[in-house]
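Please examine the protein shown below. The paragraphs that follow lead from its overall fold to individual residues.

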Amino acid sequence: QVQLVESGGGLVQPGGSLRLSCAASGTIFSINAMDWYRQAPGKQRELVAQISSGGTTNYADAVKGRFTISRDNAKNTVYLQMNSLKPEDTAVYYCKAVVRVVILGGLTVFWGQGTQVTVSS
């Protein structure tokens, strides 16, 4: 069983910063793409940032220039550095990973349980 555990969320003032972490554990042969999504109250879940196994990144327009996604393959961990936070960034942030659990196996998508980010004075 593969688990993704997010951490680093919390309450921060506008203009502040947070760094989210998502660590994958369990039976893992390799991890392909790792993504961050977020879901605000009353809104659909939306893609925030993604990073491929080779390090290629892309970002939602709303966070470009403010957020940075990175990964540490040795730790099976993906990070989201969030700077210049705005109230509209308030949401539950979810980690998603595309995982190959065994050699020659197929790919399986796993989701974390989410971590709350609240941007408020």
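In what order do the elements of the protein run from the N terminus on? The order is β-β-β-β-β-β-β-β-β-β-β. The protein has 11 strands and zero helices, where helices (H or I, at least four residues) and strands (E, at least two) are DSSP runs, numbered from the N terminus. The radius of gyration of the protein is 14 Å, close to the 14 Å that the globule rule gives for 121 residues, so the protein is as compact as a globular protein of that length. That radius is taken over C-alpha atoms, and the globule rule is 2.2 Å times the number of residues to the power 0.38.

This is a predicted model, in which local features need pLDDT of at least 70 and side-chain atom pairs count only at pLDDT 80 or more, while totals for chains, interfaces and linings use all residues. Residues are numbered from 1 along each chain as its sequence is written, and side-chain values use heavy atoms, with hydrogens and water left out.

Along its principal axes, the C-alpha trace of the protein spans about 50 × 25 × 25 Å. The accessible surface comes to about 6,400 Å², and 49% of this surface belongs to carbon and sulfur atoms; such areas come from the Shrake-Rupley method with a 1.4 Å probe, and for residues only the protein chains shown count as cover. Of the 121 residues, 38% are buried. Buried means under 20% relative accessible area, exposed over 50%, and partly exposed in between (1.4 Å probe, protein chains only). Among contacts with a separation of 6 or more, residues 24 or more positions apart account for 55%, a contact being heavy atoms within 4.5 Å.

Which cysteines form a disulfide? C22 and C95 do, with their sulfur atoms 2.1 Å apart; the criterion is a pair of cysteine sulfur atoms within 2.5 Å. The pair links distant parts of the chain, since C22 lies in strand β3 (residues 18–25) and C95 in strand β9 (residues 91–100), 73 residues apart. The torsion about the S-S bond of C22 and C95 is about -80°, so the disulfide is left-handed. Both cysteines, C22 and C95, are buried.

Leaving aside neighbours within four places in sequence, V5 is in contact with S21, C22 and A23. At 49% relative accessibility, V5 counts as partly exposed.

T108 lies in strand β10 (residues 107–111) and, at 32% relative accessibility, counts as partly exposed. Apart from neighbours within four places in sequence, T108 is in contact with A97, V98 and V99. T108 and V2 are 106 residues apart in sequence, yet 9.7 Å apart in space, C-alpha to C-alpha. Q13 lies in the loop between β2 (10–12) and β3, and at 56% relative accessibility Q13 counts as exposed. Q13 and F29 are 16 residues apart in sequence and 39 Å apart in space, C-alpha to C-alpha.
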